[in-house]
Amino acid sequence: QVQLVESGGGLVQPGGSLRLSCAVSGSFVSIGAMGWYRQAPGKQRDMVAHIMSTGHTDYANSVKGRFTISRDNAKNTVFLQMNSLEPEDTAVYYCNVFVSDYSGSVKGLWGQGTQVTISS
């Protein structure tokens, strides 16, 4: 089985920074795209950023210039550096990872979510 473990959420003041991590462990052949989504209360889950295995990145317009996604392929970990945080960034953040298993299947998996709260 493959497991995703997120960390790094918390409470920060507006203008502050947080760094989220999502580590992938278990039995798999390779990891493809990795990304972060967020869901605020009463709203749908939206893409924040994703990074391909090539290193190509894409961001939601609302976070461009403030958030940076990166990955450490040796550690099977994806990161989200969040700067200049705003109250509107408050949400539960989920990592999303596509892994190839030994049966030849590609599966999209979700982390357990980590709460990010921006408040003074």
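In which strand is C22 found? C22 is found in strand β3. Strands here are DSSP runs marked E of at least two residues, numbered from the N terminus. The model is predicted: local features need pLDDT of at least 70, side-chain atom pairs count only at pLDDT 80 or more, and totals for chains, interfaces and linings use all residues. Residues are numbered from 1 along each chain as its sequence is written, and side-chain values use heavy atoms, with hydrogens and water left out.

C22 has a relative accessible area of 0% and is therefore buried. Buried means under 20% relative accessible area, exposed means over 50%, and partly exposed lies in between (1.4 Å probe, protein chains only). Contacts were taken as heavy atoms within 4.5 Å. Leaving aside neighbours within four places in sequence, C22 is in contact with L4, V5, E6, W36, N76, T77, V78 and C95. The C-alpha atoms of C22 and W36 are 9.2 Å apart, and the two residues are 14 apart in sequence.

W36 also features in the largest nonpolar core, which has 29 residues. Such a core is a set of buried Ala, Val, Leu, Ile, Met, Phe, Trp, Tyr and Cys residues joined through side-chain atoms within 4.5 Å. W36, L80, M82 and Y93 touch the most other members. At least two core residues come from each of β3 (18-26), β4 (30-39), β5 (46-51), β7 (67-72), β8 (77-82), β9 (91-100) and β11 (114-118). β9 gives the largest share, five residues.

Four strands form an open sheet in the order β1-β3-β8-β7, and the pairing is antiparallel. Strands pair if DSSP finds at least two bridges between them. β1 (2-7) and β7 stand at the edges with a single partner strand each, so one side of each has no neighbour in the sheet. From one strand to the next, the twist averages 15 degrees. Angles run from 0 to 180 degrees between N-to-C directions, with axes taken as lines fitted to C-alpha atoms (for helices, over the stretch in contact).

β7 and β8 run antiparallel and are joined by six bridges. D72 stands opposite T77 in β8. The two strands form a hairpin with four residues between them. N76, in the turn, has a positive phi of about 50 degrees. In a regular strand the side chains alternate between the two faces of the sheet. In β7, F67, I69 and R71 make up the covered face, while T68, S70 and D72 make up the uncovered one.

D89 is found in the loop between β8 and β9. With a relative accessible area of 1%, D89 is buried. Its side chain joins that of R66 through a polar contact of 2.7 Å. A polar contact is a pair of N or O atoms within 3.5 Å; within protein, one must be able to donate a hydrogen and the other to accept it, and residues adjacent in sequence count only if both atoms are side-chain atoms. The side chains of R38 and D89 make a polar contact of 2.9 Å. Not counting residues up to four places away in sequence, D89 touches R38, R66, F67, S84, V116 and I118.

R38 is found in strand β4. R38 is buried too, with a relative accessible area of 14%. Residues touched by R38, beyond four places away in sequence, include Q44, V48, F67, D89 and Y93.

A search of the whole structure finds two aromatic pairs. Rings of Phe, Tyr and Trp (its six-membered ring) pair if their centres lie within 6.5 Å; planes under 30 degrees apart count as stacked, over 60 as edge-to-face and the rest as tilted. The ring centres of Y37 and W110 are 5.0 Å apart and their planes lie at 70 degrees, so this pair is edge-to-face. Y37 in β4 and W110 in β10 (residues 106-110) are 73 residues apart, and the pair links distant parts of the chain. Y94 and W110 are also edge-to-face, at 6.5 Å centre to centre and 90 degrees between the planes. Y94 lies in β9 and W110 in β10, so this pair ties together parts 16 residues apart in sequence. Y94 is buried at 15% relative accessible area. Y37 is partly exposed at 23%, as is W110 at 40%.
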